[in-house]
Amino acid sequence: SSFYVRYASRYCGERIGDMIDRYRGGNRHFKIWLIRVMGESDCLEAVPFLISLLTDIDPDIPHEAYGSLSKITGLDPVKDGSMRVNDARVIIAFSGFYRDSHRGDAPDRSGRGANGPDIPPGRDGSGGGAPASSPVRG
């Protein structure tokens, strides 16, 4: 099975749209397999799709998506156990990595970019969220 994951991952970058379409039509096992394929591929274009899976209702899907996102980005925001994989701060960390990668100052595999850690400090110093002085825009 791991051989097929590695083999299929070679096509992720050029066929990410097709993979996402097939994901939507697949059963649970096929979905998990495709998530693993995307993680093995190191395809940055899969990051937004994988982020969207962090809030899936099936509890296994977010964990698989998190694993793939960690492989692609090198980030592991929940390693200390203070957050769940579907925590907003986790989504912000992976989204920030993707945004920065398209801007040209992507964080390296240590989780640090040009501006330090990907998870900005929160109002309460908990490590996530917008600063107290920042207006929230919808």
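A residue is counted as exposed when its relative accessible area is over 50%, and Arg10, with a relative accessible area of 53%, is therefore exposed in this predicted model. Arg10 belongs to the loop that links α1 (2-9) to α2. Although Arg10 and Glu40 stand 30 residues apart along the chain, their C-alpha atoms are separated by 8.7 Å, and Glu40 is in turn one of the α3 residues that meet α5.

The protein chain comprises 6 helices and 2 strands, arranged along the sequence in the pattern α-α-α-α-α-α-β-β. Of its 138 residues, 39% count as buried. Among the contacts between residues at least 6 apart in sequence, 52% join residues at least 24 apart.

Two helix pairs involving α3 were examined. Two packed helices are described by the angle between their axes and the distance between the axes. For α2 and α3, the axes come within 9 Å and cross at roughly 160 degrees; because angles over 145 degrees count as roughly antiparallel, α2 is roughly antiparallel to α3. The crossing of α2 past α3 is left-handed. On the α2 side the contact is formed by Ile16, Met19, Ile20, Arg22 and Tyr23, which meet Phe30, Lys31, Leu34, Ile35, Val37 and Met38 of α3. By class, this contact of α2 with α3 holds 9 nonpolar and 2 charged residues, with no polar ones.

Helix α3 (residues 28-41) also packs against helix α5 (residues 60-73), at an angle of about 15 degrees and with the axes 7 Å apart. Because this angle falls under 35 degrees, α3 is roughly parallel to α5, and α3 passes α5 in a right-handed crossing. The α3 residues involved are Arg28, Lys31, Ile32, Ile35, Arg36, Met38, Gly39 and Glu40, and they meet Asp60, Ile61, Glu64, Ala65, Ser68, Lys71 and Ile72 in α5. The residues of the contact of α3 with α5 divide into 6 nonpolar, 2 polar and 7 charged.

In soluble globular proteins, nonpolar side chains tend to be buried together. The largest nonpolar core of the model has 31 residues, and those with the most contacts inside it are Met38, Leu50, Leu53 and Phe94. Two or more residues of this core come from each of α2 (16-25), α3, α4 (47-53), α5 and α6 (88-103). When neighbours within four places in sequence are left aside, Leu50 is in contact with Ile35, Met38, Ala65, Ser68, Leu69 and Ile72. Among these partners, Ile35 and Met38 also take part in the contact of α3 with α5, as well as in that of α2 with α3.

Technical notes: Residues numbered from 1 in each chain as written. Predicted model: local features only at pLDDT ≥ 70, side-chain atom pairs only at ≥ 80, totals over all residues. Heavy atoms only, no water. Axes fitted to C-alpha atoms, helices over the stretch in contact; angles between N-to-C directions. Helix = DSSP H or I, 4+ residues; strand = E, 2+ residues; numbered from the N terminus. Parallel < 35°, antiparallel > 145°, perpendicular 65-115°, else oblique. Left-handed = near helix turned anticlockwise from the far one by under 90°. Contact = heavy atoms within 4.5 Å. Nonpolar A, V, L, I, M, F, W, Y, C, P; charged D, E, K, R; others polar. Core = buried A, V, L, I, M, F, W, Y, C linked by side-chain atoms within 4.5 Å. Buried < 20%, exposed > 50% of the residue type's maximum accessible area, 1.4 Å probe, protein only.
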